Amino acid sequence: MDEVISDYRRIVDGVQSIVDGIDEDDWARPTPCTEWTVRDLLNHLVSGQRRLGRMARGEQPPASGTDVLGADPKGAFRDATAEVEALAATPGMLEKRLVTPLGEQPGSFVVVLQGNELMVHGWDLARSLGASVDPLPADIADRTLRMWQERLARMHRPEGGPFAAEQPVASDAPASDRLAAYLGRSADWAPPAAG
């Protein structure tokens, strides 16, 4: 169980370094998630992290699309991920059964899923900003890729579902690129040129 918390913390550190690089004029940039800007994407991440606390307390999550960033989006991200870390470290929390959209799941599984979400959308943010994906832990990206390959191999990916069709990527590409491509992103995605 210590690995669950350690992995989450390492992912947060990587994504936080990408989030810290967002400038004021970056918030409206497009992202590989075509319906979201950089601000929308960060809002989605913060909302997802806060959802874990609500689940643990038996509360309803905020309505989809609710702005949870406020006037300090970077601070909102720091606070939300710190809440998950503190919650995960609470004795018994990782074993506790939580009611989720996927049915009842142990807290450890929910923390791992939140880390996965951060890993994939951290890649999206880095690409949107033209930043390096190097802060994302390669060993965790590789494990996450293997996990999703096992899960999605048994599932149909419907048009318009949460995962688009797997995209081509070089076998020697960085692990985070291979993960993004497996989950439907173009590994060489870049924001459209300004102008």
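Predicted model: local features only at pLDDT ≥ 70, side-chain atom pairs only at ≥ 80, totals over all residues.
1. Which residues make the contact of H4 with H5? From H4 come Phe109, Leu113, Asn116 and Met119. They meet Ile140, Ala141, Thr144, Met147, Trp148 and Arg151 of H5. Sorted by class, the residues of this contact are seven nonpolar, two polar and one charged.

2. H4 also packs against helix H1 (residues 2–19), here at an angle of about 20° and with the axes 9 Å apart. Angles under 35 degrees count as roughly parallel, and H1 and H4 are therefore roughly parallel to each other. H1 passes H4 in a left-handed crossing.

3. On the H1 side, the contact with H4 is made by Val4, Tyr8, Ile11, Val12, Val15, Ile18 and Val19. The H4 side supplies Ser108, Val111, Val112, Gln114, Gly115, Leu118, Met119, Gly122, Leu125, Ala126 and Leu129. How many charged residues are in the contact of H1 with H4? There are none: the contact has 14 nonpolar and four polar residues. Met119 of H4 is named in this contact and also in the contact with H5.

4. Helix H2 (residues 38–56) packs against H3 at an angle of about 30°, with 9 Å between the axes. That angle makes H2 roughly parallel to H3. The crossing of H2 and H3 is left-handed.

5. Among the H2 residues in the contact with H3 are Arg39, Leu42, Leu45, Val46, Gln49 and Arg50. The H3 residues in this contact include Pro73, Ala76, Phe77, Ala80, Thr81 and Glu83. By class, the contact of H2 with H3 consists of eleven nonpolar, three polar and three charged residues.

6. Alanine 89 belongs to helix H3 (residues 73–89). Is alanine 89 buried, partly exposed or exposed? Its relative accessibility is 49%, so alanine 89 counts as partly exposed; a residue has to be over 50% to count as exposed. Alanine 89 and aspartate 2 are 87 residues apart in sequence, while their C-alpha atoms are 8.7 Å apart in space.

7. Strand S1 (residues 97–100) and strand S2 (residues 103–106) run antiparallel and are joined by four bridges. A hairpin of two residues connects S1 to S2. Threonine 100 has glycine 103 in S2 as its bridge partner.

8. The two faces of S1 can be told apart. Leu98 and Thr100 are on the covered face, whereas Arg97 and Val99 are on the uncovered one. In a regular strand, side chains alternate between the two faces of the sheet.

9. Arginine 185 is located in the segment after helix H6 (175–182). Why does arginine 185 count as buried? The reason is its relative accessibility of 12%, since buried means under 20%.

10. What does arginine 185 touch, leaving aside residues up to four places away in sequence? The residues touched by arginine 185 are Pro32, Cys33, Val120, His121, Trp123, Asp124, Gln167 and Ala180.

Terms used
Residues numbered from 1 in each chain as written. Heavy atoms only, no water. Contact = heavy atoms within 4.5 Å. Nonpolar A, V, L, I, M, F, W, Y, C, P; charged D, E, K, R; others polar. Buried < 20%, exposed > 50% of the residue type's maximum accessible area, 1.4 Å probe, protein only. Pairing = 2+ DSSP bridges. Axes fitted to C-alpha atoms, helices over the stretch in contact; angles between N-to-C directions. Parallel < 35°, antiparallel > 145°, perpendicular 65-115°, else oblique. Left-handed = near helix turned anticlockwise from the far one by under 90°.
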